[in-house]
Amino acid sequence: MDTMQTQTQAATAVQTAAQQHNEPSWLINKRLAALDQMADLPMPLVQRFNYRDWDLMPGNLQWADSKRDLAQVADGPVQIVQVGQTTVRVNLPEKLQEQGVVLTDFFTAVKDYPDLVQEAFMTKAMKANENRLASYHTAYLNAGVFLYVPNNVVISEPIDIQLIQDNTLDQPLNSHVLVVAGRNTEVSVSQHLTTVGENANLANCLMEVIADENSHVTVATLDELGRKTLAYVERRAYAADNASVNWAVGFMNEGNTIGNFDTELNGVGSRADAKVIAITDHDQRMGVNTKITNRGKHTNGNILQRGVILEDSELVYNGIGDIIHGAAGSEAEQENRLLMMSSNAHGNANPILLIDENDVMAGHAASVGQVDEQQLYYLMSRGIRRETAERLVIRGFLGAVLSAIPAKAVRSQLVEIIERKLENGR
Amino acid sequence: MATLEIKDLHVEVTDEENQTAKEILKGVNLTMKTGEIHAIMGPNGTGKSTLSQTIMGQPSYHVTQGDILLNGESIVDMPVDERARKGLFLGMQYPAEIQGVTNAEFLRAAVNARRAKDDQISVMDFLKMLDKNLAILDMSEAMTERYLNEGFSGGEKKRNEILQLLMIQPSFALLDEIDSGLDIDALKVVSKGVNAMRGDNFGSMIITHYQRLLNYIVPDVVHIMMGGRIVKTGDASLAKRLEKEGYAGLRDDLDIDVALVDEN
């Protein structure tokens, strides 16, 4: 059969490339298993968003070096910078090294810390057989970062992960950021995704966060992938007893994008907070699922999403609160709000509550609307020009999420991006 | 000296529900100069707020006849922000609440909107001006870091309107029921703010139901509106007479054929 043959050829190609890359057999086998089941798995479900004609699985695994000078990133105290598959810089202060903190390129980690990586990679926060794109990601993984924080270590400085997709080359970026936070740890991660170059490529960027007992992990992201990048961005977390995971996602990609943000509150008393801001423009299409699953007792999940839709673009926000039977005493709150700035804009704010437990508190709010004319009139009656007044109202609309972003540097960068988008998108 | 002239002003509003137009102002004539305080009094539903909103340029109010001239220039076709930059200010009865924009940030944008791009106010000068005006209004600095009007009490909102007035320094301030919902102490503070603006370069149109406010801000001219027109103009004593006789008494004295909204 043809598909059989293609399948075998693909497997051979992946195996050859992985061996050439000196990968251990467990990883090669994981790739091959993922590849094998790919065709049987469904695509991720993004309700009210149709992306059937998007080519999210270009099939090749190749190794290529990127030019290091493509990374124009200011030096940071705790930082890893990658362009495409090439690691340009790792800054990890000695003190943290002595405490056993690991911050390195994913494949280096596979060699140097095989047990740590094997235990955590696509085992807990997500699995390769969840959907077809997760399998694709596993099979064709070609870049990534590993961050490990040993038990009882508290890191005050935010860890800066800068990933630059190299579109001067002609190849997809399949990047995996794996964060393992041990018991009683505290760590704050900021991730910045950008693109250099003019080629059209896929970016399939995953992040897994494993938050062990009583750990506190904060992730702030600035996603700025380029207009010619078709993006699938998935971020997942697993929270053990009394762990907390806080997400602040600035979803500012310029091309067509799917976002899948999902936190599993497995442990008793674990908490998650997911804040997402997105702005879409031109004829861009963006679909976002933000989900928190309450599995453990007395867990608390909070989703807050705000988006601004400019020009002819489309933005769909699904907020998903899933309370599993047995998660007694849990809370799930969500709010999804969209602001449409043009008559050609399309938006959908869709709260989905799946509750299989009686003893819970759950609530949701959703809205899709236009700029409040009363607010505009008020500002303009003080002499403020319409454009400025609109910007202030939009900033105000996004403010609820913006002000909750803990890292000040990320927050001010995000404000800058927002201002730029609003400036251009009219 | 600046002038504001209202000439034979007729204004309609469109009822959103049944899409019918209703005439509210039926030929208002009025001339104000800077240096003067005019009070507009009148019963409910007589068009006082319509007059102030129309002068400011609220888009729901349509001028069907007549004109509004600011320093001899017609402003009826100007958008609201341009009118503001030309020197008009409206202290609103129901100020909007805007989350995420701090009071200070808004005030600075408003002050700068009236200044040239290369002549924006410095942070130091702005703060100095702000401190001075906060002191006049007995407001705490914390108010300026709060989001614009969000969660403000009725009294705080009114004070905040006057703070904007003091910061923006317009030629003409239209103050629409700035006294409603204020206790006597707040009323004194708000009056103090308006009186601080008094001078040759400032004129104000004060809309109120009650004479009480006019004990604190003594007007030069008092106009009584009924049925969409100004029916009588006089000095401060007119307000006092009104307080005694009520609108119905005045109407009967003047022999005007107008039904009062609150009359049974």
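**View 1. Strand β3 of chain B, a covered strand in this predicted model.**
Welcome to residues 37-41 of chain B, where five of the five residues of β3 are buried. Ile37(B), Ala39(B) and Met41(B) point one way from the strand, while His38(B) and Ile40(B) point the other way. Met41(B) is a handy landmark, as it stands opposite Thr208(B) in β10(B) and opposite Ile224(B) in β11(B).

**View 2. The annotated region of chain B.**
In an unreviewed entry, UniProt lists residues 4-252 of chain B as "domain: ABC transporter". Over this stretch the chain is 38% helix and 30% strand.

**View 3. Where chain B meets chain A.**
Here 19 residues from chain B and 20 residues from chain A make up the contact. On the chain B side, the elements giving two or more residues are α2 (80-85), β7 (98-102), α3 (103-113) and α6 (154-168). By class, that side of chain B has 12 nonpolar, four polar and three charged residues.

**View 4. The nine-stranded sheet of chain A.**
This open sheet has mixed pairing, and its strands follow the order β3-β4-β6-β8-β10-β12-β14-β16-β18. At the edges stand β3 (102-105) and β18 (346-355) of chain A; each has a single partner strand, so one side of each lacks a neighbour in the sheet. Ignoring direction, neighbouring strands are turned by 5° against each other on average. Within the sheet, β12 (residues 257-265) and β14 (residues 285-294) of chain A pair in the parallel sense over nine bridges. Helix α6 (residues 132-140) of chain A lies across β6 (173-181), β8 (201-211) and β10 (229-239) of chain A, and runs at about 95° to β8(A).

**View 5. Glu23(A) in a loop between two helices.**
Glu23(A) is found between α1 (2-20) and α2 (25-38) of chain A. Because it has 19 C-beta neighbours inside 10 Å, Glu23(A) counts as partly exposed. Leaving aside residues up to four places away in sequence, Glu23(A) touches Ala18(A), Ile28(A) and Val110(A). Thr6(A) is 17 residues away from Glu23(A) along the chain, and their C-alpha atoms are separated by 23 Å.

Definitions and conventions
Residues are numbered from 1 along each chain as its sequence is written. Chains are lettered from A and ligands numbered from 1 in the order in which they are written. This is a predicted model: local features need pLDDT of at least 70, side-chain atom pairs count only at pLDDT 80 or more; totals for chains, interfaces and linings use all residues. Two residues are in contact if their C-beta atoms, placed from the backbone, lie within 7 Å. Helices (H or I, at least four residues) and strands (E, at least two) are DSSP runs, numbered from the N terminus. Ala, Val, Leu, Ile, Met, Phe, Trp, Tyr, Cys and Pro count as nonpolar, Asp, Glu, Lys and Arg as charged, and the others, Gly among them, as polar. A residue is buried if 20 or more other C-beta atoms lie within 10 Å of its own, exposed if 12 or fewer, and partly exposed in between; C-beta atoms are placed from the backbone. Two strands pair if DSSP finds at least two bridges between them. Axes are lines fitted to C-alpha atoms, for helices over the stretch in contact, and angles run from 0 to 180 degrees between N-to-C directions. UniProt positions are given in the numbering used here, feature names are shortened, and annotations may be inferred rather than shown by experiment.
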